[in-house]
Each structure stands twice: as structure tokens, then as C-alpha cells.
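Student: Please show me the sequence and the structure, and let us then go through some questions about them.

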Amino acid sequence: MIWRVVQYGILALATLFFLLPVYLVVVTALKEPAAITLESTWQLPRLWHWESFAQAWNAFLPKLQNSFVLTLVGTLLSAILGSVNGYVLSKWRFPGANVIFPLMLFGMFIPYQAVLIPLFEFIREIGLGGSLWGLILVHVVYGLPITTLIFRNYYAEIPDELVEASRIDGAGFWGIYRNVIFPLSVPGFVVVIIWQFTQIWNEFLFAVTLVSSPANQPITVALAQLAGGEAVKWNLPMAGALLAALPTLLVYIFLGRYFIRGLLAGSVKG
């Protein structure tokens, strides 16, 4: 009993420690600009200044639709393509599969900065330079390694006998995927969608570099612009950070349990 109390006490302290930045962001967003000083950093606001959220919302509103289109389309495309890739690599043996799969995984370890210039030139050459669809294409391609890995490992646990039985019944490549593999893919899709939604929504480097038109930029670029010039009103970017983090926070609140289940799905046989 004593050891359990100690364990919960340590966990409570760790939780408070990790929540300190969240507390700082919230109290700063609720303060008036004149009340934000080093001496009052950790103090609660005397007067709650809600206007910061209204100003941040007005700045985000023109970019909000861009972020939702970018995130939803990029997430769905990378999830579907990753599912097909995982199906091929786990259930359809072909020469060179053991070489192609590691090469695809290598894409996860390539830094964004290393490919930024040639990627910018490529997007411009295919006629998508400065557009939202060019950014969607980049996120779909960059998301394929992780989505392929997740689905490949998940499909590897599906018995090969199911695939063989479908072949005997006359099902082809797409018939097996549609009738056997896809209905069993819900846990894998939950993991991939949550992962990709978070990554694409929060990404900034590609958004600020590849999209030159302000009308096509997502919400992360608008958040960076809230800081302004030399005299920063810290309540405004803090309020903007809370609003920008809200969609991904809601995704984890409502789908977090399914995310853990999906990660563990297929990890134990029998």
C-alpha cells in the first residue's frame, strides 16, 4: 500500500510538471498585454481578457478552411494508399519486396530541410507551386512510409488462410482487399488517421515554404504571424496556440482509447 501511494504521488508530480507549459499558455492568454511581465508570469490574471481569443479567431478564420481541406484530404489519401501498400507487402509476395519496403521506410528518416529546395522546384515544375494541392501531395507522399509500416505490420497478423480461401472462391486482388482485408482494417485506420491528422495539422515548414499565396496558407502560418514584429503581445499568440491545438486535442480526447487499442491490435497472437 505504501509503495502504491508513492507510485501515484510520483505520477501526480510528473503530471503537474508536464502541465506547467499548458498552465502558462492559458494564464498568459487570459491576461491583458500590460499585465504580462516576468514578475507576474505564473500569477493568475486579475481581470480575464477574453478579447485575445476573439482576435486570434478572426486571424485564423480565413485559413481555417485551408487547414481542414489539407488535413482531411491528406489524411484520407495517405491512409488509403498506405493500406493498399501494406496489403501488397504483407499478402502478395513479389520479387524485390524485401528491398522496396526498407527503402520506403527510409523516407521517414529524411529531414524536411534536406529535400526542401528540390521539393520546391518539383512542385513548381508540375504546376502546383504555391497551391494547397501541392502541399496536400507533399503530405501524402511523406505520410506513406509510416502508414505503410503500420498497415503492413497489422495485416501480417491476418491469417493467410483467409486470403487463400478467397482466392479459391475466385476473388482477385481487389476482391480480397475489399471483402477480407478492408473490413478488418478499422483499428489500423484509426491509428493512421489520428497520427496523420495530428502531423499534417501541426506542420509548419512545408506550409510556409511551399505555399506562397496567403489565401492558400494553413492555420499554422497564421499562428506564426500572430507574434507580429518586435513588440509582441504575448496574450495573442498564446490564445492562438490554444485555438490551433484544439482540433488535435479533441481528436485525442474522443479517439485516444481507440488509438491505443489500434496500436496494440495484432501484437498478440492467439
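Tutor: A patch here joins residues with over 30% relative accessible area and no salt bridge, like charges within 9 Å and nonpolar side chains (Val, Leu, Ile, Met, Phe, Trp, Tyr) within 5 Å. A salt bridge is a side-chain nitrogen of Lys or Arg within 4 Å of a carboxyl oxygen of Asp or Glu, and areas follow the Shrake-Rupley method with a 1.4 Å probe, where for residues only the protein chains shown count as cover. The model is predicted: local features need pLDDT of at least 70, side-chain atom pairs count only at pLDDT 80 or more, and totals for chains, interfaces and linings use all residues. Residues are numbered from 1 along each chain as its sequence is written, and side-chain values use heavy atoms, leaving out hydrogens and water.

Student: What is the area of the nonpolar surface patch that includes Leu250?

Tutor: Leu250 belongs to helix 11, residues 235-264 (helices are DSSP runs of H or I, at least four residues, numbered from the N terminus). Its patch also holds Leu246, Leu249, Ile253, Phe254, Leu255 and Tyr258, and the area is about 660 Å².

Student: Is Thr248 buried or exposed?

Tutor: Thr248 is also found in helix 11, and it touches Phe197, Thr198, Trp201 and Asn202, not counting residues up to four places away in sequence (contact means heavy atoms within 4.5 Å). Buried means under 20% relative accessible area, exposed over 50%, partly exposed in between, with a 1.4 Å probe and protein chains only. Because its relative accessible area is 8%, Thr248 is buried.

Student: How far apart are the end C-alpha atoms of residues 132-155?

Tutor: UniProt, in an unreviewed entry, lists residues 132-155 among its "transmembrane region" spans. The span is 100% helix and 0% strand, and its end C-alpha atoms lie apart by 33 Å.

Terms used: Helices (H or I, at least four residues) and strands (E, at least two) are DSSP runs, numbered from the N terminus. UniProt positions are given in the numbering used here, feature names are shortened, and annotations may be inferred rather than shown by experiment.
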